[in-house]
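Visitor: I would like to walk through this structure with you, one question at a time. Could you begin with the terms I will need?

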Amino acid sequence: MWGRFFTQVRARQYAEGCQATELIQIETEQKNEGLQLLKPMGSERMEMRKRQTSVQQELPGSAQPQQGAGNRASNACCFCWCCCCSCSWNEDEERARRMSQEARGESLPNCEESPKPTLEEVQSWSQSFDKLMKSPAGRNAFREFLRTEYSEENMLFWLACEELKNEVNKNLVEEKARLIYEDYISILSPKEVSLDSRVREVINRNMLEPTPHTFDDAQLQIYTLMHRDSYPRFMNSAVYKMLLQSLTDTSSEP
């Protein structure tokens, strides 16, 4: 009887041992599967961290051009680009304010000195582009308009060429020609003007021996560009109309 009892006990222990072994194997397999699952998750996390790091590294670089653009806008005027502030200025109002400043003879940064324009003078600007460009006040007003369109470099290049034409000192001619090339012709310049390949080839040949007329072809091309492209928009803009209206109101005062 005892022999049969011990046999049953051993059989039960053997069965329990087999079940325990199976459980251990199952747990081991589950752990291995868990480790295999964790590995790709870990790599994904690392990849996400790398992306976040790269994004954080790119953010200062991407924010810098925006800051530069903001500085450019702030130099041009006090446009308010923020939608959450209580500033009531809008683009047309700011342009009108700057034009009215010019009409009152107030100085604008880096602009030509010019007397206060008369109503007749401002009205003559609509007759032809030549009359606008021959007027110092007209050039200042037009330049301010170009600044709002981020094409002020066209006027700056034209003015630099005019200054170069009046230079007689050979050393200064070479120096000014070099500066004009670096500022407005070089493809590396942020103020590069739009010129075709033919004119660029002419300039490159002329730069071997610079003269006061090194950039004549380029100046004419930019003048034509401003005439055909920017001038019609300037004449139809609120800037010119409000400037004209402000001088009309001033002239009608007793």
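Guide: A residue is called buried when its relative accessible area is under 20%, exposed when the area is over 50%, and partly exposed in between. Please keep in mind that the model we are looking at is a predicted one.

Visitor: Which residue meets the side chain of Glu 149 in a salt bridge?

Guide: Glu 149, with a relative accessible area of 27%, is partly exposed, and its side chain takes part in a salt bridge of 2.8 Å, N to O. The pair links distant parts of the chain, since Glu 149 lies in the loop between helix H5 (136-148) and H6, while its partner, 84 residues apart from it, lies in helix H9. That partner is Arg 233.

Visitor: What is the distance between the closest N and O atoms in the salt bridge of Arg 233 with Asp 229?

Guide: Both residues belong to helix H9, where they are four residues apart, about one turn of the helix. Asp 229 is partly exposed, with a relative accessible area of 35%. In the salt bridge that Arg 233 forms with Asp 229, the closest N and O atoms are apart by 3.1 Å.

Visitor: Which parts of the chain does the aromatic pair of Phe 129 and Tyr 223 tie together?

Guide: The structure holds 10 aromatic pairs, and one of them is formed by Phe 129 and Tyr 223, a tilted pair with 4.9 Å from centre to centre and 55 degrees between the planes. Both Phe 129 and Tyr 223 are buried. Because Phe 129 and Tyr 223 lie in separate helices, the pair ties together parts that are 94 residues apart in sequence, namely helix H4 (residues 129-134) and helix H9 (residues 216-235).

Visitor: Which helix gives the largest share of the lining of the second largest pocket?

Guide: About 170 Å³ of space lies in this second largest pocket, and the elements that give two or more residues to its lining are helix H6 (152-165) and helix H7 (170-185). By class, the lining has six nonpolar, no polar and three charged residues. The largest share, five residues, comes from H7.

Visitor: How far apart in space are Leu 156 and Tyr 184, C-alpha to C-alpha?

Guide: Leu 156 is found in helix H6, and Tyr 184 is among the residues that line the second largest pocket. Leaving aside residues up to four places away in sequence, Leu 156 touches Arg 143 and Tyr 184. Although Leu 156 and Tyr 184 are 28 residues apart in sequence, their C-alpha to C-alpha distance in space is 8.8 Å.

Key. Residues numbered from 1 in each chain as written. Predicted model: local features only at pLDDT ≥ 70, side-chain atom pairs only at ≥ 80, totals over all residues. Heavy atoms only, no water. 1 Å grid on protein atoms, 1.4 Å probe; cavity = no way out; pocket = protein on both sides within 12 Å on 5 of 7 lines; lining within 4 Å. Points joined across faces, edges and corners; volume = space filled by probe spheres on them. Nonpolar A, V, L, I, M, F, W, Y, C, P; charged D, E, K, R; others polar. Phe/Tyr/Trp six-rings, centres within 6.5 Å; stacked < 30°, edge-to-face > 60°. Buried < 20%, exposed > 50% of the residue type's maximum accessible area, 1.4 Å probe, protein only. Salt bridge = Lys/Arg side-chain N within 4 Å of Asp/Glu carboxyl O. Contact = heavy atoms within 4.5 Å.
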